[in-house]
Every structure is written in structure tokens, then in C-alpha cells.
Amino acid sequence: MKYAFYTGCSAKGVAPELYDSTKLVAEKLGMELIELEAATCCGAGAVQEKDEFLSLVINARNLALAEELGLDMLTICNTCTLMLREAKFKLDHDPEVRAAVNEVLKESGLEYKGTIEVTHFLWEVIDAVGLDKIKEMVVRPLKEFKIAPFYGCHIIRPPYLTGYEDPDNPTSIERLIEALGGTPVDHDARLACCGFHSFWSAEDKVTLRLTAMDTQAAKKEKADFMVTPCPLCHTQLDAMQPEAEEKIGVNIGMPVLHLPQLIGLAIGLKPKELGLHKHVISTKAIIEKVA
Amino acid sequence: MEFFYLKVFRYDPTKNAEPYYKTYKLPVEKGMTLLAALFKAKEEQDPSISFRYNCRAAICGSCAVKINGHANLACKVQITHLLEKYNTDTIIVEPAGNIRVLKDLVYDMDWVVDKLKRIKPWFIPKEPPPADGKEYRQDPFDHQKIDYASDCILCNSCMSDCNALKVNKDFLGPMVISKAYRFIADSRDGAKRERLEEVLKDFNLEWCVRCMECTTRCPKEVQPYENIIRTRIIAAEEGFKSPGEIHAEIFENDIYNRGLLNEMLLPMRQEGLLGAAKRAPFGLRMFFKGKVNIADFFGGHKVKRHEEVQKIMDKAREMKDKVKIKIIPDVHTVYEDKRKSKKKEVQS
């Protein structure tokens, strides 16, 4: 299990705890991560809605960097996953655009060949590591926790690009939670949107309303915390939760964990190593329970 | 499975103030659609159930409902598939979401029609008809831009599951913006700017959260989400300034200047100094939690081989106008996942 590791911007920016916990957990699970230190931002949908060709060129370069290593590209962000897969989809199905993109890449001695895959940490944990192995590795079962999965949009939709599981009824995070000894909680916002991508255009009109609704949905089902495979969802649901609380005038206080942190806790890593203290919504109750 | 349970949302404001659910036990029949099941329940058990339908062939768009929480046409889905998909013996049918319910599964489409009127969903010719008396023509590349968008049957499935509409009914919604795109992108249409101005009022076009529910729900593969993005691209090309356009510029600049996004300096560039000041409580919170990289305030680090990035971005911008990107290879094509790890597992 060796991967070209695409960190994305968030893990190198506002979510350092995601970067750290991913590295630690991957090592324990036997996943070797070769970081793509020359990779750039995927465009996050922003570049894509202004200059499509430029976004394809940037991501063809990112993909070509993984091709240089001959390794599948492992991402830890839903939006990165989708943007890279979308670019790959277009490059693989439109020979004319691919030729034009490669003409551009030639400037830097690179070529997009279409030889590697784009995958997400969650998918590899389930398919490559396997839940049986995960179960064997659990030293601290999360049995006292009710955990609310929050998939995040770009890992399940649109199905013609994601395709890993049924977007109407995904089960991967629930299965993982169960393998770690925890109890998955069904809640209304399981497959909902965190609001992140309209923040700068509709912070009050849309984004914070969704953030409040999602975290409240988990609270309503008495979840101890939420877990998400996406750092953008995390920033929105955790770091922006105080703004959402202010917006609706209700105290929510729902902690949100990154997926690798969840695994890390169960396989014996310390909350501090996993960066649980770096969350905006206090994870103290979780830390005390696992101690 | 011999039988299944159809749990139907019931509401009649003339009789009860609150909606309730009523469950009907029905035989599982091969090939039976959900619409056929609704008919069977109505004809044999409860004539009072109300639902809309017409063509029974996924053409008219009348029978969109929520099925186990997700919108689709009742006539397009089969009971056996649903029971298998959700691994259940119960199918829950509710009216489409984000809309006022009139009775049971029947909802008020006037609200959507009023939104549609705002974008003038009809062809407004740019020029008089060709002198040879033939119809308005366009080349195949121009046509493929609007081909899929033209397939919309106004069924409301996308509006039902839209996350932005869920929290703000003033959002135009995917169906309406997608319909606007169908004309905005039409090479023969003369009201492009007028329509763009309408969808950009209060930056409504950018309230979309990119949750992709609309594209996932659409029973006709119209791709409303992609059409929203295509509309944004056209708006940027036409020189409209918006928060989304500024945001995209910041991303482009950061990729060009350092490779990764500089999140620390994002608020100031997005909203100016005053706007950034408003974010001070957020910034401080992030700082005390160890989420702020001070170096980023002074530019931060660059990705390796960064000179390559600038070279290709310059070249890409130079070539941009010469490249014709088709909107999609084929609407039925799906991403073919060839993960090595997955393969390995299947082999072992």
C-alpha cells in the first residue's frame, strides 16, 4: 500500500491536525504515503467556475506528478477528490482537450498519461487496509461513543464521478465506526451539505444556516461527536460553529472529528498526537473518556 | 419477499392540521413501479390518497416525490430495486421537499413557476429569422452546450433536494438557473445579459453550495449543477464582478504565486480590510487553537518545482481561447475507477 499523497490546501493550512493525524494513522495501518510536494491547489471549484481550461491544466499537472511516481493518488479532502476526478474524467474522455492540455504541460516537461487513479483515504482504509484488519488493530474500542457520520457532498455526489458507493444510502463511515467499536448514529444531516462553498457569497443567507442545521441534527440524536472525511466540512462545522450558533441564537457545542482522528483514537494513538486540542469546539469530553 | 410496506405521507389541511403517515401492505410484483404501487394502494385500500401523475413514462415530470428521503419520479423507479437498494421492507413516500404541500403528495408548483417567469424561459431571438426562410441554425459545438440542458422536464426533483433552498426559499434553485443557462448559452438568443443580470441579483447564482444534489437527483441527466457552474463561467467571461469571481481570482493568484491557497490572507483579499476586521474573532480563535501559520501572513512557503506552475499557467491562458471544451463526453459515461489497491483486493 503505497500512495502519492496529495495533501490539498487545508491540511497544510487551517487543518494541521488533519495532516498530522493522517500521517500517524497511515503509518500504523501500513499505508506508505509519498507526499507530492510539488502539487498545487486543485482549484477547489473556484478556478473551475472561472477558467475551465486553466483548472484542467493545473490538475493534469497534479495528476502527472503522481504518474511520475507510478502511484495512485491518495487525497484527504472530498473537494480535492472530486476536482481531481472531474479533471481526469474530462481528460480521459476528450482527446482534443487532452492534447491541448499536454501541449501546455510540455512547457514544464510533464505529460498527462492517465495511468493512475484518484482515491480518498476513507476508500483505501476500507478497500486496501480492510475492516477486518482495522478490527484486529483496535486497542481502545470506542464503545461508549455515539458517533454521527457526516459524509460531505463531494465524496458521494455526483455518482458519475464519485461512484464508490450509493449516494442515496452510503454505509462506509458507519461500517468503519462499527469496526472501531463505536455506535453510528443516524441523523437528518448525514448526507447534507455543510455550506462551505457558498460562504463568501451567502454566509448569512445559506452557509451558516446549513452549518447550524447539520450540527443540531447530530445533537438531536444525542451524538457525542460528528466525524467527517473532509477538512472543508470540518472547518465549516467546527471552526464556524460559533458563528452558526450566534446566527440562530442557540448553543450547539457539537465536536467534529476528522476521520483519521477517529481511527487513531481506537488504534491507540494519543488525543494530543492526533491534534484533538486544535479543534474550536471542545473535544475535552472525548479526551477524558478515552484517557 | 412476498409483501412490502408503503408508508405514505398524508396531509389534508381541511381535515387535520398536522400531516401523518399511513402504511399500506402490498404484494411485491416484478416490474411494479412506485407509481403503480400508489395506484394499487389507492384502488384497493384507500381511495383518498392524492398524487399527481400523467404519462407514466418519465416524460411529463408530474410524479416527482421523495422516496426514502430522495427525490425521483414515482413512475421511473421499481419497487424491487428500492427494497434491494435500501435493504428494507418499507418504502417511505413523501411529497417533494422545499415546497408547500397542498394535499398528500400534491404540492404547489406556482412557487416554482413564479421563479421561472423571472428568467423568461423562452427564446428571445438575437436576429430576425434567416432570409432563406429556414429555421434559426447553430453549429454542433454551440448546440451541445445546450443539448442536455434542453432535456429538462421541470419535474422539480432537483428543487426538492437542493441544500440551499432547504434553508433559503429566495434562492432561484437549480431547475430555474439551469433553465436560464439553456438560453444564456444559446448562440441564437439575444437576452443573455438580461438573464445574467436576473440570476446575479443579490448574487443569487452564487448561493448554490455545490452540494451536487440536483445533478444526482435529475431523472433526465440535465446536470443542473454543471449548468449553474457553466452560467458562472459565462458571467465571468461577460465581465460580471461577484464574490465568486473575486474568490476564483484569489485562488488563481495563489496557485500562480505559491501553489497552495493562502488561507490566512484570504479574508482580507476577499472582503478588504474592513471585511477582514469583521473576521477578527474567528482569526483569534483559530490562532489560539494552533490553526494559524504565522509565516503565511508574509507569503508562506512555495510548493516545490513552482517555476513549472507559472510556466504552464502562462501558456494555458495564452491558449485558452483556442481550446474548445465540450461540456461532457456523453451523458451516460461514468468515471471508470481502476484503483490498483481495489484490484489487488479483488484478486486476493
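D202(B) lies in the loop between helix 8 (192-199) and helix 9 of chain B, helices being DSSP runs of H or I of at least four residues and strands runs of E of at least two, numbered from the N terminus. The model is predicted, so that local features require pLDDT of at least 70 and side-chain atom pairs count only at pLDDT 80 or more, whereas totals for chains, interfaces and linings use all residues. Residues are numbered from 1 along each chain as its sequence is written, and chains are lettered from A and ligands numbered from 1 in the order in which they are written.

Although not a glycine, D202(B) adopts a positive phi of about 60°. D202(B) counts as exposed because it has 12 C-beta neighbours inside 10 Å; with C-beta atoms placed from the backbone, 12 or fewer others within 10 Å define exposed, 20 or more buried, and values in between partly exposed. A positive phi, near 85°, also occurs at N156(B), in the loop between helix 4 (140-147) and helix 5 (157-161) of chain B. N156(B) is classed as buried because 25 C-beta neighbours fall inside 10 Å.

In chain A, the peptide bond from R157(A) to P158(A) is cis, with omega near -10°. P158(A) belongs to the loop between strand 5 (146-149) and helix 6 (172-179) of chain A. Most residues other than glycine have a negative phi, and most peptide bonds are trans.

Between the chains, 69 residues of chain B contact 70 residues of chain A, a contact requiring C-beta atoms, placed from the backbone, within 7 Å. Among the elements of chain B that each supply at least two residues to this side are helix 10 (224-237) and helix 11 (243-257).

Definitions and conventions: Contact = placed C-beta atoms within 7 Å.
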